[in-house]
Number of protein chains: 2
Amino acid sequence: MGELKKVLILGAGYGGIVTAVHLQKQLGLNEADVTLVNNNDYHYLTTQLHEPAAGTLHHDKTRVSIDSLIDSNKIRFVQGHVTAIRPDEQRVSLENREDELEYDYLVIGLGSAPATFGIKGLLEHSMGIRNIDSVRMIRQHIEYMFSRYRNEPEREDYLTVVVGGAGFTGIEFVGELADRIPQLCKEYDIPREKVRLVNIEAAPSALPGFDKELVDYAVSTLEKKGVEFLIGTPIKECHENGVIVGDGEEIKAATVIWTGGVTGNPLVEEAGFEVQRGRVPVDEYLRAPNYDNVFVIGDSSLMFNDEGRPYPPTAQMATQQGQHLARNLVALIRDGQLTPFKFETKGTVASLGKGEAIGIVGKRKLYGWTAAQMKKLIDLRYLFIIGGLPLVLRKGKFF
Amino acid sequence: MGELKKVLILGAGYGGIVTAVHLQKQLGLNEADVTLVNNNDYHYLTTQLHEPAAGTLHHDKTRVSIDSLIDSNKIRFVQGHVTAIRPDEQRVSLENREDELEYDYLVIGLGSAPATFGIKGLLEHSMGIRNIDSVRMIRQHIEYMFSRYRNEPEREDYLTVVVGGAGFTGIEFVGELADRIPQLCKEYDIPREKVRLVNIEAAPSALPGFDKELVDYAVSTLEKKGVEFLIGTPIKECHENGVIVGDGEEIKAATVIWTGGVTGNPLVEEAGFEVQRGRVPVDEYLRAPNYDNVFVIGDSSLMFNDEGRPYPPTAQMATQQGQHLARNLVALIRDGQLTPFKFETKGTVASLGKGEAIGIVGKRKLYGWTAAQMKKLIDLRYLFIIGGLPLVLRKGKFF
């Protein structure tokens, strides 16, 4: 028996943590040398971040300590920030660390970066629903602006929130925030009619590509909660006082949240991997082009469906990739056969705030309460996948 | 019987609300035409505002709706902002109101304005513990800065709070905030040692004029909670990144709270009343010089003790003035005799945060838990004065 194979997993998002958890289930003690690297000592549930961002759920409910998921007898956890990947040397550098990490097999699950589509000022003057730090700041930013209003009542822009992008994240966020606004108005002695929540989308429809009937239901549900939609309206520019939209109109807003899209983590392109729009087109075994020992999963990977269209990056995709990759890594370690990955959609559900959602599961369209229950089931199922029943009980939302 | 005398009370702070409440107790129906004017539809407890400012108590616990204190059969309440007092015409103007209010007897209880002692940039770049709107903003400002830190970890100034002034308000505020910081650190994933809370005082001692032994106790108690003191150190300048102190040293701080002093409401000087440092020196009947029908109470009034030194403006003073003035107004309405006002100190207690305080009651010095209980009793007693037992039960803090 030779030296143990070194498996290095970068990132503990959906793809990375699922790979790690499944590896530790399937591997025996001392069967491989597995390391997981992550910025934080916790994993977070990106698909639920719209709730802590709006302030309707505490952020601790959307994160899980890695310690509670990883068995340190089987996987070494390193908290650190990846600064460079050198695939030809099979090495990875971390911030503030002299020594580099080596690998035989590398799993890149480093998530995404915001796609700004060249909109001027967007990165500087907007916030994103990206991670625990950013959503906690969004929650506090909105409250701070509300708290300032009565001290400077001429500043009505303090009470305007612009959300750029009406995809899943944008729609789910405005749904939550619309639910929160009445509480904020009470807390800060502000009349509801002073508050504006504007969702702006460049595409000709909200939730581009989704079933029209469901989209109409979503828009009308959210409009009833007080959300204003500007659809088919690109944001031209973002500055410190708000945004300028398609026809040159300025919307003054002290809070701008950008949910308009993501691209791959820039580290993958910097590492020299082939990319298309920032994401690595992986083969059926999730391998990067030209590197049989490098696997890319989650938001930095690019896969195409049978019609040759790219799959959108989702938690569902990353989770399935992680589960499959863990099996293939075990096969590699045991000199077995790799099996090809195929994405199987389990359906899509989007929350519209408390007790409201829309979705498609199989061929079935879901609305309202039923869809909201399905959304909860999906969230619970994911918790079960990574942490079993104890995690479901600890972090699950049951009502 | 002639026309009813018009009594106009401006401001529902300690002085104004106590005057109003005692008038309504002592006057019969249709014995006088009494109007109370106030910015907000609530009275607030200024001496407790350091708690909602620090976020250790909800601001609703420190305000009482005027509606619940005033009997509308006896007193007309007008919510409005006083813009001018014209004592020669016996009229008062309100913002956004064509008609003016007339009076036979005027009570001015319009509170204070911050005294900046000419410190450059202070009004623009600091916040004050002044009213519900301002303390709610302070609470949110501090949290917002904490929430930003992990997104911009080079900005350590986000975690520094400078409090200018170590008088009663400053000391009570740093005591509360020191209690809150561990919670904030937990909420925002920040190591406690990154946070600085700096209390700066120009005078050679904290709590200038107070008993030295008690001051030493206060300072050492607060230092143990992590407060840094810069005593005998004037603030030279305040700018958007912090303050510059005595020797030119810059303290970078994203939050600056000024508690260094108050002066009278500028409206009294604008109205042509004689003032000394912004406050109206009143006679023994609390009357403004040259105007026998104008009474000034609370922070805009100036009174001297037997040694000829000015009394500091306190809630205790305003409350006693209000109680006395109500009796004198009843006397005027009934053509009776005015009695002279004399301030009787009931002692002074300053909170140092949870379960800790210092104080002098009579000749007795109080420390720690005993003083903290006394502080609670004083707050309860005041609630009893303005709203009786129901208010004590509704707003009182008993533990």
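**Exercise 1. Helix 1 of chain B**

Task: In this predicted model, compare the reach of helix 1 of chain B with the reach expected at 1.5 Å a residue, and find which of its residues are buried.

Solution: 
- Step 1. Helix 1 of chain B covers residues 14–26, which is 13 residues.
- Step 2. The expected span is 1.5 Å times one less than the number of residues. For helix 1 of chain B this gives 18 Å.
- Step 3. From the first C-alpha to the last, helix 1 of chain B reaches 18 Å, close to the expected value.
- Step 4. A residue counts as buried under 20% relative accessible area. In helix 1 of chain B, 11 of the 13 residues are buried, and the helix is mostly covered.
- Step 5. The buried residues are B:Y14, B:G15, B:G16, B:I17, B:V18, B:T19, B:A20, B:V21, B:H22, B:L23 and B:Q24.
- Step 6. Helix 1 of chain A also spans residues 14–26 and reaches 18 Å, with 11 of its 13 residues buried.

**Exercise 2. Relating the two chains**

Task: State how chain B is laid on chain A, and describe the interface between the chains.

Solution: 
- Step 1. Two copies of a chain are related by a rotation about an axis and a shift along it.
- Step 2. In chain B, the C-alpha nearest the axis belongs to B:Y144, at 3.2 Å from it.
- Step 3. At the interface, 21 residues of chain B contact 21 residues of chain A. The buried area between the chains is about 1900 Å², with 38% of it from carbon and sulfur atoms.
- Step 4. B:Q140, B:Y144 and B:E187 supply 28% of the area that chain B buries against chain A, more than any other three residues.
- Step 5. Of the interface residues of chain B, 100% are also interface residues in chain A, so the copies meet through the same surface.

**Exercise 3. Aromatic rings**

Task: Classify the ring pair A:Y311 and A:F343 and the ring pair B:F273 and B:Y291, then locate the partners.

Solution: 
- Step 1. A pair of aromatic rings is described by the distance of the centres and the angle of the planes. The whole structure holds 17 aromatic pairs over all chains.
- Step 2. For A:Y311 and A:F343 the centres are 5.0 Å apart and the planes are at 70 degrees, an edge-to-face pair.
- Step 3. A:Y311 is in the loop between strand 23 (301–302) and helix 8 (315–333) of chain A, and A:F343 is in the loop between helix 8 and strand 24 (348–351), 32 residues apart.
- Step 4. A:Y311 is buried at 18% relative accessible area, and A:F343 is buried at 15%.
- Step 5. For B:F273 and B:Y291 the centres are 5.3 Å apart and the planes at 80 degrees, so this pair is edge-to-face.
- Step 6. B:F273 is in the loop between helix 7 (266–270) and strand 20 (280–281) of chain B, and B:Y291 is in strand 22 (residues 291–296), so the pair ties together parts 18 residues apart in sequence. Both residues are buried.
- Step 7. Rings can also face a charge: the charged end of A:R63 sits over the ring of A:Y42, 4.7 Å from its centre. B:R63 lies over the face of B:Y42, 4.7 Å from the ring centre.

**Exercise 4. Surroundings of B:I200**

Task: Determine whether B:I200 is buried or exposed, and name residues in contact with it.

Solution: 
- Step 1. B:I200 lies in strand 13 (residues 196–201) of chain B.
- Step 2. At 2% relative accessibility, B:I200 counts as buried.
- Step 3. Leaving aside neighbours within four places in sequence, B:I200 has contacts that include B:V162, B:V163, B:L230, B:I235, B:V243, B:V245 and B:I251.
- Step 4. B:V163 is 37 residues from B:I200 in sequence, and their C-alpha atoms are 6.2 Å apart.

Note on methods:
Residues numbered from 1 in each chain as written. Chains lettered and ligands numbered in written order. Predicted model: local features only at pLDDT ≥ 70, side-chain atom pairs only at ≥ 80, totals over all residues. Heavy atoms only, no water. Helix = DSSP H or I, 4+ residues; strand = E, 2+ residues; numbered from the N terminus. Buried < 20%, exposed > 50% of the residue type's maximum accessible area, 1.4 Å probe, protein only. Least-squares fit on C-alpha atoms with pLDDT ≥ 70 in both. Contact = heavy atoms within 4.5 Å. Phe/Tyr/Trp six-rings, centres within 6.5 Å; stacked < 30°, edge-to-face > 60°. Lys NZ or Arg CZ within 6 Å of the ring centre and 35° of its normal. Buried area = accessible area lost by both parts, 1.4 Å probe.
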